[in-house]
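Let us walk through this structure together, one part at a time. Please keep the sequence and the 3D view at hand as you read.

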Amino acid sequence: MAITDKVYLKNHRQIVSQLDTSIPKGAFKGATMEVLYSGDGLTKLDDATRDRLLDFATDFLDCEDPDDLYTGYPERQFVRYLLELRAQGLGPDAIVDVMTDDYMLYAYPGDVLSFLDRAVRRLEAVESLAAVEGDGEMERRAAETRRVLSNG
C-alpha cells in the first residue's frame with residue numbers, strides 16, 4: 001500500500017459537516033479531491049481550512065495536463081515532498097507535524113517510517129544494479145541520496 005493511501009484529512013468530520021456531504025477520509029481518494037477542489041467544495045469551508053486545502057491543491061494538484069491528475073501526478077509530488085522533508089533532517093514525527101501544519105493532513109509516524117525505510121531499500125537496489133551495469137554516475141547518485149535519507 002502506498003504512503004499516499006495512508007494520508008488523511010485532519011478534522012475530517014468538521015470538513016464533512018461544512019461541506020454537508022460525505023467524502024472519504026483519505027486525502028488522495030478521487031472523490032475527496034473531486035469535492036474539495038471543485039469551486040463549490042472550497043467555498044463552503046471556513047477560511048483557515050480553505051487556505052490550507054488551497055495550498056495542497058496548488059502544490060500537488062496543479063499540473064500542466066489535467067489528465068495527469070488521474071495518472072499519479074499528485075501522489076508523486078507528495079512523495080517528493082516527504083523525501084525533501086526527510087532530506088532536511090526531519091524524522092517521521094516531525095514530518096507528520098509539518099504536513100499537518102502545511103496542508104491539514106496527517107499520517108501515522110510508523111507509516112511514514114515504513115515509507116522512508118522502503119525508499120532507502122529501493123535506493124540500495126538501484127545502487128547495486130547501477131554497479132552491475134557499470135553506471136558509475138547512477139551508482140554515485142543513488143548512494144548519495146540513500147545517505148541523505150538514512151542520516152536525515
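The largest nonpolar core of this predicted model has 30 residues, and F78, M99 and L105 touch the most other members. A nonpolar core here is a set of buried Ala, Val, Leu, Ile, Met, Phe, Trp, Tyr and Cys residues joined through side-chain atoms within 4.5 Å. Buried means under 20% relative accessible area, exposed over 50%, and partly exposed in between, with a 1.4 Å probe and protein chains only. At least two residues of this core come from each of α1 (12–19), α2 (30–36), α4 (47–61), α5, α6 and α7. Helix α4 gives the largest share, five residues. The helices (H or I, at least four residues) and strands (E, at least two) are DSSP runs, numbered from the N terminus.

Which residues does F78 contact, leaving aside neighbours within four places in sequence? They are T4, V7, F28, F56, F60, M99 and L105, where contact means heavy atoms within 4.5 Å. There is also a second, separate core of five residues, among them A119, V120, A142 and L149.

Residues are numbered from 1 along each chain as its sequence is written, and side-chain values use heavy atoms, with hydrogens and water left out. Since this is a predicted model, local features need pLDDT of at least 70 and side-chain atom pairs count only at pLDDT 80 or more, while totals for chains, interfaces and linings use all residues.

Now step back to the whole chain. The protein chain has eight helices and two strands, and along the sequence they follow the pattern β-α-α-α-α-α-α-β-α-α. Its C-alpha atoms fill a box of roughly 55 × 35 × 25 Å, taken along the principal axes. Of its 152 residues, 37% count as buried. Among contacts with a separation of 6 or more, 48% join residues 24 or more positions apart.

Next, follow helix α7, residues 109–133. How far apart are its end C-alpha atoms? They are 36 Å apart, which agrees with the span of 36 Å that its 25 residues should have at 1.5 Å a residue; the expected span is 1.5 Å times one less than the number of residues. Buried residues in α7 are D111, V112, F115, L116, A119, V120, L123, E127 and A130. These buried residues pack against α5 (73–87), α6 (92–103) and α8 (136–151). After α7 comes G134, whose phi is positive, near 75 degrees.

Is I3 buried or exposed? I3 counts as buried because its relative accessible area is 4%. Not counting residues up to four places away in sequence, I3 touches V79, L82, D111, V112 and F115. I3 and L116 are 113 residues apart in sequence, and their C-alpha atoms are 9.6 Å apart in space.

Finally, look at two residues with another setting. R140 lies in helix α8 and is partly exposed, with a relative accessible area of 47%. D97, found in helix α6, is partly exposed, with a relative accessible area of 47%. The C-alpha atoms of D97 and L83, 14 residues apart along the chain, are separated by 15 Å.
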